[in-house]
Amino acid sequence: MARTVVGVAANLCPVDAEGKNIHSSVSCRFAESIRQVGGLPLVIPVGDESVVRDYVEMIDKLILTGGQNVHPQFYGEKKTIESDDYNLIRDEFELAPLKEALRQNKPIMAICRGVQLVNVAFGGTLNQEIEGHWQGLPFGTSHSIETVEGTVVAKLFGKKVRLTQSIVKALKIWHLISV
């Protein structure tokens, strides 16, 4: 039986103080969760857009993960907050697998920044700042949830799970897509 191949868009993460050694990174939880439900994770590194079509042809589904803020230039605005938490290279690259997955009619799951990117790709905008919202390292900002018995989430995480939540952006104008 062939396994469902799930492409997971990687983040770019510096691993040295100078930011010269950049790794493609995906949370181990994504890969492990995909394996637990019988899928085969495939990390799609940020890179040359000329290979995007090949990656998307290889996968059955696409996950756009969290990470840096989507740069305001992608939704027609100027930066209104002081932040260096942007990655233009990632923004530009991830739009390509998103559009190609839609063209090939592949399912897309968007998480956090991924939801923001999908919204922006279809003409939506973002609130650049949520008044009074804390933003920093995500450590110490977790909370518990209880899952519903019998669901995929319960199968993956059990009855209770702690989640980290550090979203700093919010959708301003959400564009619904009819596929």
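Mentor: Begin with a helix. This is a predicted model. An α-helix has 3.6 residues a turn, so residues three or four places apart point the same way. Now take helix 1, where Ala 31, Ser 33 and Ile 34 are buried. They span an arc of only 165° around the axis, so they sit on the same side of helix 1.

Trainee: Which residues does the face turned away from the buried side of helix 1 carry?

Mentor: That face carries the exposed residues Cys 28 and Arg 29. Cys 28 has a relative accessible area of 65%, so it counts as exposed.

Trainee: What do the buried residues of helix 1 pack against?

Mentor: Their partners are strand 1, strand 4, strand 5 and helix 5 (152-157). Zoom in on Ser 33, a residue of helix 1, which spans residues 28-36. Setting aside neighbours within four places in sequence, Ser 33 is in contact with Leu 156 and Phe 157.

Trainee: Why does Ser 33 count as buried?

Mentor: Buried means under 20% relative accessible area. Ser 33 has 16% relative accessibility, so it counts as buried.

Trainee: What comes just after helix 1?

Mentor: Gly 38 does, and it takes a positive phi of about 90°.

Trainee: Which residues other than glycine have a positive phi?

Mentor: Asn 105 is one of them, with phi near 60°. Asn 105 lies in the loop between helix 3 (88-103) and strand 6 (108-110). Its relative accessible area is 59%, so Asn 105 is exposed. Cys 112 is another case, with phi near 55°. Cys 112 sits in the loop between strand 6 and helix 4 (113-121). Cys 112 is partly exposed, because its relative accessible area is 31%.

Trainee: How many bridges join strand 1 to strand 4?

Mentor: Five bridges join strand 1 (residues 5-9) to strand 4, and the two run parallel. As an example, Ala 9 stands opposite Ile 44 in strand 4.

Trainee: And how many bridges join strand 1 to strand 5?

Mentor: Three, again with the strands parallel. Val 6 stands opposite Lys 61 in strand 5. Val 8 has Ile 63 as its bridge partner in strand 5.

Trainee: What about strand 5 and strand 6?

Mentor: They pair in the parallel sense over three bridges. Leu 62 has its bridge partner in strand 6, namely Ile 108.

Trainee: How do I read the two faces of a strand?

Mentor: In a regular strand the side chains alternate between the two faces of the sheet. So check each face in turn. In strand 1, five of its five residues are buried. Val 5, Gly 7 and Ala 9 are on one side, with Val 6 and Val 8 on the other. Both faces of strand 1 are covered.

Trainee: You mentioned cysteines. How many disulfides are there?

Mentor: First the idea. A disulfide is a covalent bond between the sulfur atoms of two cysteines. A search of the whole structure finds zero disulfides. Cys 13 has a relative accessible area of 24%, so it is partly exposed.

Trainee: Last, the whole chain. What do I check?

Mentor: Start with the elements. The protein chain has five helices and ten strands. Next comes burial: of its 179 residues, 34% are buried. Then look at contacts between residues at least 6 apart in sequence: 66% of them join residues at least 24 apart. Finish with the surface. The accessible surface is about 11,000 Å², and 55% of it belongs to carbon and sulfur atoms.

Technical notes. Residues numbered from 1 in each chain as written. Predicted model: local features only at pLDDT ≥ 70, side-chain atom pairs only at ≥ 80, totals over all residues. Heavy atoms only, no water. Helix = DSSP H or I, 4+ residues; strand = E, 2+ residues; numbered from the N terminus. Buried < 20%, exposed > 50% of the residue type's maximum accessible area, 1.4 Å probe, protein only. Contact = heavy atoms within 4.5 Å. Areas by Shrake-Rupley, 256 points an atom, 1.4 Å probe, with all protein chains shown as cover. Pairing = 2+ DSSP bridges. Disulfide = S-S within 2.5 Å. Arc of directions from axis to C-beta.
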